[in-house]
Amino acid sequence: MAYFVLQIAGIILGGIGMIGTLAATFMPQWRVSAHIGGNIVVFETIWEGLWMACASQLGIRLQCKFYDTILALSPPLEAIRALMCTAVVLSIISFLLAIVGVKYTRRNKDISIFILAAGLSFLLTGILVLIPVSWTAGSIIHDFYDPKVPTPLKRDLGAALYVGWVSSALLIIAGAIYSIFWCWADASLKSKYPSLSCHSLRKPNVSGGPAPSVHAYV
């Protein structure tokens, strides 16, 4: 019963992480205009995302425009786009693998290899989300404190970055749950995959002969 609860928890966390990854990828609030100085009245707020830029005037009228051409994008933005799109696809695959693995384990009382695949895939997805989000945040912070950057061009951390960080953490936690679950599950439940069991790992025999059994010393 405890095993099944862990698997369901992994699906829930992974599902939320998948939705967060989708949201962060398409949200325009990656870079937002930084309000610097003592002027309280701000007439325009600018959002810059991976696919579009938006401008809001006095919080009433919001205008968004997609970037015209890929060739005009900076290399870092193209790399961030590629990483996030890869993470979106991989998060969906991870989620489907987790569902298949949980259903198989629940029905056959035997751990499916899909559990291990889902765990490793969730871990990889979390790392893929963390890299572009942290990369963008580092660039924003660097430009913010750079005196050579004009004040109108300084940006602040947008909501999409926080969504990305939370999603990355949830995906990594989900991956850790499935990986640890596979590693520490009863070896009898993984009878079909003895070579992938963490319990099967033993110190190699230098002489080249078979590894001695623990029962030989009893």
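This is a predicted model: local features need pLDDT of at least 70, side-chain atom pairs count only at pLDDT 80 or more; totals for chains, interfaces and linings use all residues.
Residues are numbered from 1 along each chain as its sequence is written, and side-chain values rest on heavy atoms, with hydrogens and water left out. Local features require pLDDT of at least 70 and side-chain atom pairs count only at pLDDT 80 or more, whereas totals for chains, interfaces and linings use all residues.

The chain contains four helices and five strands, taken as DSSP runs numbered from the N terminus (helices H or I, at least four residues; strands E, at least two). From the N terminus on, their order is α-β-β-β-β-α-α-β-α. Of the 218 residues, 37% are buried (under 20% relative accessible area, 1.4 Å probe, protein chains only). Among contacts (heavy atoms within 4.5 Å) with a separation of 6 or more, 65% are between residues 24 or more positions apart.

Strand 3 (residues 52-57) pairs with two other strands, pairing being assigned where DSSP finds at least two bridges. Strand 2 (residues 44-48) runs antiparallel to strand 3 and is joined to it by five bridges, with a hairpin of three residues linking the two; Thr-45 lies opposite Ser-56. Strand 4 (residues 61-66) is also antiparallel to strand 3, through six bridges, and there Cys-64 is the bridge partner of Cys-54.

Notes. Buried means under 20% relative accessible area, exposed over 50%, partly exposed in between (1.4 Å probe, protein chains only).
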